Amino acid sequence: MGSIIIIAPPAAGKGTQSKYISDKYKIPHISTGDLLRDEIHRGTELGIKISKIMKSGSLVSDEIILNVLINKIKNLDSYILDGFPRNIYQAREYERLIHEFHKTIDKVFYIDLPKEKSKERILSRLSCSKCGKVYNTAFEETKPKKANICDDCESKLTERDDDTEEVFEHRYQIYINETKPLLDLYNKEKLLYTINGSLDKMSIFREICSVLEGDK
Ligand code: AMP
């Protein structure tokens, strides 16, 4: 297996599905958003630099992302990329890079979700301030058992700084203008599989598994 790429609008379940794939197939899950949030939590020089950009919903520079990513993937063959690439430049640079390392892209999944659903989910998303577990109060199955408390570690749940209505509109526009054109690129390369993101998360996962296991 080479790398698996997941493309989706905000809150369509990129992170959840990546985690499921990672657990089932025992391959690392690399989320560029998580790597950046980690830099911010640790208060590194890079974290200070990118915090404002992330809060505004804009994309961090390609140079920063590629640097952060290279360090993570250079010794890995198979992994799931969640949140990368976000634009054509990143996709081209990534292809150049893996070619250099004699690696391949295995499959690209597009989780398709209408804008209104994406927005509804963004505005009801919460995550644990300590362990990072993500909840969504829009669905019974993803609500925390106790309001605003993490089921696993009992810490307080908080909203992401970039999960506000205003920031959503900005992020969504960037997704349409910069990220969605990747679908054409990967479709031409015959790597793209589209999954209906309005399905429940286990049905989405089953679809992904059947593609990965060659039934589709
Ligand atoms: P995510 O967790 O994937 O929703 O990403 C959260 C934020 O991190 C984005 O809104 C961007 O500011 C930044 N980010 C994550 N991945 C990338 C990327 N590949 N390129 C540029 N910025 C990114």
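Author: The account below begins with the ligand and then turns to the surrounding elements.

This is a predicted model, in which local features need pLDDT of at least 70 and side-chain atom pairs count only at pLDDT 80 or more, while totals for chains, interfaces and linings use all residues. Residues are numbered from 1 along each chain as its sequence is written, and side-chain values use heavy atoms, with hydrogens and water left out.

The ligand is surrounded by 17 residues, a residue being near a molecule or strand if one of its heavy atoms lies within 4 Å of it. The closest are Thr 32, Arg 37, Ser 58, Gly 83 and Gln 90. By class, this shell holds six nonpolar, five polar and six charged residues. Here Ala, Val, Leu, Ile, Met, Phe, Trp, Tyr, Cys and Pro count as nonpolar, Asp, Glu, Lys and Arg as charged, and the others, Gly among them, as polar. Helix 2 (residues 32-41) contributes the largest share of the shell, with four residues. Helices (H or I, at least four residues) and strands (E, at least two) are DSSP runs, numbered from the N terminus.

A polar side-chain atom of Thr 32 lies 2.8 Å from a nitrogen atom of the ligand. For Gln 90, an N or O atom in the side chain is 2.9 Å from a nitrogen atom of the ligand. In Arg 171, a side-chain N or O atom is 3.3 Å from an oxygen atom of the ligand. Taken alone the ligand exposes 480 Å², and the protein buries 98% of that; accessible areas come from the Shrake-Rupley method with a 1.4 Å probe, and for residues only the protein chains shown count as cover.

Arg 171 and Arg 37 lead on to Arg 160. Leaving aside neighbours within four places in sequence, Arg 160 is in contact with Arg 37, Arg 125 and Arg 171, where contact means heavy atoms within 4.5 Å. Arg 160 is placed in the loop between strand 7 (157-158) and helix 7 (165-179). Its side chain makes a polar contact of 3.0 Å with the side chain of Asp 162. A polar contact is a pair of N or O atoms within 3.5 Å; within protein, one must be able to donate a hydrogen and the other to accept it, and residues adjacent in sequence count only if both atoms are side-chain atoms. Arg 160 and Cys 128 are 32 residues apart in sequence and 9.8 Å apart in space, C-alpha to C-alpha.

The bridge partner of Cys 128 in strand 7 is Leu 157. Strand 5 (residues 125-128) and strand 7 run antiparallel and are joined by two bridges; two strands pair if DSSP finds at least two bridges between them. The open sheet has three strands in the order 6-5-7, with antiparallel pairing. Its edge strands are strand 6 (134-136) and strand 7, each pairing on one side only.

The side chains of Lys 119 and Glu 169 are joined by a polar contact of 3.3 Å. Lys 119 lies in helix 6 (residues 115-123). Lys 119 counts as buried because its relative accessibility is 16%; buried means under 20% relative accessible area, exposed over 50%, and partly exposed in between (1.4 Å probe, protein chains only).

Parallel pairing is found elsewhere. Strand 4 (residues 105-112) pairs in the parallel sense with strand 1 (residues 3-7) over five bridges, and Ile 6 stands opposite Phe 109 in strand 4. Strand 4 also pairs in the parallel sense with strand 8 (residues 192-196) over five bridges, where Asn 196 is the bridge partner of Asp 112. Six of the eight residues of strand 4 are buried.

Strand 3 (residues 79-82) holds Tyr 79, which counts as buried because its relative accessibility is 0%. The side chain of Tyr 79 makes a polar contact of 2.7 Å with that of Tyr 94. Finally, Pro 85 lies in the loop between strand 3 and helix 5 (88-100), and a cis peptide bond with omega of about -5 degrees joins Phe 84 and Pro 85. Most peptide bonds are trans.
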